[in-house]
Amino acid sequence: MIMSSFDYLKPSSLEEASKLLLENKNSRILAGGTDLLIRMRGGEVKPEKVIDIKNIAGLHEITWEDGRLVLGAAVTWTRIKEDAKIAEHFPALTQASAEFGCYDVRNRATIGGNIANAAPGSECGSPLLIYNADVIVYGPSGERSIPIDQVWLAPGRTNLAEGEFITKVSIPLYPASTKSAYRRISRVEGQDLATCAIAVMISNPEEIAAREVRIALSAVSKTPMRAAELESFLSGKAIDGETINFCKSWMHRNLYPRASSLRGTPEYKKIVLGNLLEDILREFGVLAGELI
Amino acid sequence: MKHTITLNVNGQKYTVDVEPQEKLLDVLRDKLDITSPKKGCEMGECGACTVIMNGKAVNSCLVLAVESQDAVITTVEALHADGKLHPLQQAFIDAGAVQCGFCTPGMIMSAKALLDTNPTPTEMEIKEAIAGNFCRCTGYKPIVDAIQSAAAVMKKEGA
């Protein structure tokens, strides 16, 4: 199908981009384009204006400031994947980047675009949730920061106001002893969307009483989600076979993935997520003894 | 609204008028007569349209032509020099990595982007690099073999 026509605009400042976005109700922000152009080609979205933000200074930068990693919205997944310092501090994000699309797609697709698309199984979802990232947006009233767990409302819908767009993602650094990981399964190895995915972070893994566990799940609800109940269950306690069995049964009792998914049945996803959680805890070395 | 863009394709500078909805792939094929990038899925899934843009392999069906202002683009057309095939092209022929040939230009550009940054890739790295390039004929093995032997030839030639 041929795309319907539109005007291509390339603002060079945040103010200009926000103004264009506000003035043109039927407009779309273009970053990497790997989702937007497909949806435009399919006729799913027909913007009259496409606003390319790649010409705005600062949106391509990866910076480390005041104990935080700040990724510009236009930073590509290839750059995230190849950044050794990100791998050192945020392994779950690096592991997600390695699963993301394929070479060609990673070379264009951006972190900001992935957040803005608000897909339930988005690669950035679970890692940004466990790291308590903040999404920085710019709009008519200037800059504001939205905690990541308040960004996504439903598939394709975010909490951004009119005229606002994502400019940065800011992630706090954690002590070196913190462990984190991302695992997903997909129908084929290589280029496919996640059937489901999980990210786990453990602070103070060596001191059981001081342990804080964070768990996020993707592709099992309308948006990527934190599993708060599981987190408080696992935090501050020794983890053994019995604990793991509770986690697995929790998945069965509390998750409601949609039955119409092309990629996996609800039952399958729940089993897989329990198993992936066990794998990660075992890798972290916090799982005592064998499973019963 | 038309835009006039200037881009460098295979060492030659082109100035061309494009509509916003035209893809880089359309402009290469229909306006510049560079037809090695193939139109396959047009959804960034098959990799038949892969070109190297500013040093990175990209799906040219997922890049608006207007976005390629000032870009440096390389396609298979630029690989042979002085009547001699590039080691990747020769290796694809020798290994039987070309059957119907539709995926070959994209496959070779993904392989080139890999070898440009990683001259001695492992088998897994090769598979990763071509994960976005579909081949429905060969079963991939001859392609991986070809990229491995091209890497060896290029290393020898470079040494």
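The second largest pocket

Modeller: Among the 35 residues that line the second largest pocket, A:Ser27, A:Arg28, A:Ile29, A:Ala116 and A:Glu164 lie nearest its centre. A pocket here is an open set of points on a 1 Å grid over the protein atoms alone where a 1.4 Å probe fits, with protein on both sides within 12 Å along at least five of seven lines; lining residues have an atom within 4 Å of a point. The model is predicted: local features need pLDDT of at least 70 and side-chain atom pairs pLDDT 80 or more, while totals for chains, interfaces and linings use all residues. Residues are numbered from 1 along each chain, chains are lettered from A in the order written, and side-chain values use heavy atoms, without hydrogens and water.

The volume of this pocket is about 870 Å³, taken as the space filled by probe spheres set on the points. Helix 7 of chain A provides the largest share of the lining, 5 residues. Elements giving two or more residues include helix 1 (14-23), strand 2 (27-30) and helix 2 of chain A. By class, the lining has 15 nonpolar, 13 polar and 7 charged residues.

Across the interface of chain A and chain B there are 5 salt bridges (Lys or Arg side-chain nitrogen within 4 Å of an Asp or Glu carboxyl oxygen). Helix 2 (36-41) of chain A is one of the elements that give two or more residues to the side touching chain B. Helix 6 of chain A gives the most to that side, with 4 residues.

Technical notes. Ala, Val, Leu, Ile, Met, Phe, Trp, Tyr, Cys and Pro count as nonpolar, Asp, Glu, Lys and Arg as charged, and the others, Gly among them, as polar.
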